[in-house]
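Biologist: I have a model open and want to learn how to read it. Could you take me through the features one by one?

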Amino acid sequence: MRIIFFTGKGGVGKSTIAAAAAWQLARQHRVLIVSLDPAHNLGDIFNVTLNSRRKRFSANLYLQEVDLRQMARAYLEKETRVLSDTYNYLKALNLDHYFSVLKYSPGIEEYALLTSIEKAIREDTDFDYLLFDTPPTGLTLRFLALPQVTATWIERLTAIRRQILEKRYTIMKIRRPLKDGEERKEIRLSYNEKDDDILNRLLVLQENYGKLTAVLQGSTCGIVLVFNPDLLSLRESERLIEGLGDLKLPLRLLVQNKVTEENRAIADQVAVALQKASGHKGPTRYIALNQDIALKGATLYNITEDLRSDLEF
Amino acid sequence: MTSSFLGYCRQIITDVGTAQRESLVSLTCLEVQELENIFALLLMGSFIGLPAPPTFLSVELLPFMEREMRILHQRAEDSHDMLAELLGTLGID
């Protein structure tokens, strides 16, 4: 299975290019295209109504829009439930519902994004291609960095936790283990790695993020950068390339959208600059500005330029 | 008579042993407690303005952190008298 992310500045045509690529790839492969952009317009491009359910558009093409708010809410509801169970006694005072304020925690949206990507990668293995239409640069870089940032935190926390358990074990050894049927007055803390809930949770998370990072940096994953022939788009794309480089994510294709006869000279300059910045060896695809864009019933996803050959890596 | 005297002696030796063990582990116990305190502080440091880990990591582990939070709280309460804390730790009356 190949995984492709379409990134770029807001409004350059990421969704349209992603949709076009999906449409072309679906002639030969099974394709799922997932929109992660909170301002969903995948449905508009294909002229269908999408809710968070998956929809079959043609024999080989499936569409899905992810509702981030709903995902964040579902995740927090689950956590809040565990929390309320642990602090069960608060129910007696009717205070348990105060945990619900957790749903306003910052950073939860990125997490929901990442979870939906991870879920798609894990579960939708029967597709040949998994295409993600991402939100604008800032959020995209943040959530793509999340597995690595989190991995560092988890690693440090696991080390501390192990140290705690080791010391608890030493204490237990010196105090001598309990005999059968003997009871001790003080609380016995778990010292075995298998019994410690916190360490177990950390290890599960570590494994998940390790896998996800490996997939994102691996040879089956690719990033497509979409940009326009203008200065702002160039600058933001340069920053994005730098960010992707730091995260060691592989850039596969540069796509320059909305090229016309008039801006052709600028387009060439932008393409050269970005190719230099990224060290990208392959060609830069030019997509002409679609003049029919305002017409009702225009098939936006059906473009004449070929994207398929570049994406069959 | 003899057996009860022997039992008495054995009890004394056992108790002395236990006391020795306790004094041996007391510092390690304290170290563990401090480590747990640090663990909780790292995870929930945003309460006092420390850089926080990704929010969901805290949220994910929060349900299991009751003990650590108690320690954190206790430490905050004791922190106004660090000298007494230190002397207590070193066993100076």
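Biologist: How many bridges join strand S6 to strand S7 of chain A?

Modeller: Start with the terms. Strands are DSSP runs of E with at least two residues, helices are runs of H or I with at least four, and both are numbered from the N terminus. Two strands pair if DSSP finds at least two bridges between them. Here, five bridges join S6 (residues 221-227) to S7 (residues 251-259) of chain A, and the two run parallel. Within that pairing, A:Val226 stands opposite A:Val255 in S7(A).

Biologist: Which helix packs on the sheet there?

Modeller: Contact means that the C-beta atoms of two residues, placed from the backbone, lie within 7 Å. Axes are lines fitted to C-alpha atoms, for helices over the stretch in contact, and angles run from 0 to 180 degrees between N-to-C directions. Helix H7 (residues 231-246) of chain A packs on the sheet and touches S1 (2-8), S6 and S7 of chain A. Its direction makes about 165° with that of S6(A).

Biologist: What is the strand order in the sheet?

Modeller: In chain A it is S3-S4-S2-S5-S1-S6-S7-S8, an open sheet of eight strands with mixed pairing. The edge strands, S3 (55-56) and S8 (284-288) of chain A, each pair on one side only.

Biologist: How far can I trust this, and how is it numbered?

Modeller: This is a predicted model: local features need pLDDT of at least 70, side-chain atom pairs count only at pLDDT 80 or more, and totals for chains, interfaces and linings use all residues. Residues are numbered from 1 along each chain as its sequence is written, while chains are lettered from A and ligands numbered from 1 in the order in which they are written.

Biologist: At what angle do helices H4 and H5 of chain A cross?

Modeller: The axes of H4 (residues 108-123) and H5 (residues 137-175) of chain A come within 9 Å and cross at roughly 70°. A:Glu110, A:Leu113 and A:Leu114 in H4(A) meet residues of H5(A), including A:Arg142 and A:Phe143. Ala, Val, Leu, Ile, Met, Phe, Trp, Tyr, Cys and Pro count as nonpolar, Asp, Glu, Lys and Arg as charged, and the others, Gly among them, as polar.

Biologist: How many residues of chain B are in contact with chain A?

Modeller: 24 residues of chain B are in contact with 29 residues of chain A. H1(B) gives the most to the side of chain B that touches chain A, with twelve residues. That side divides into 17 nonpolar, two polar and five charged residues.
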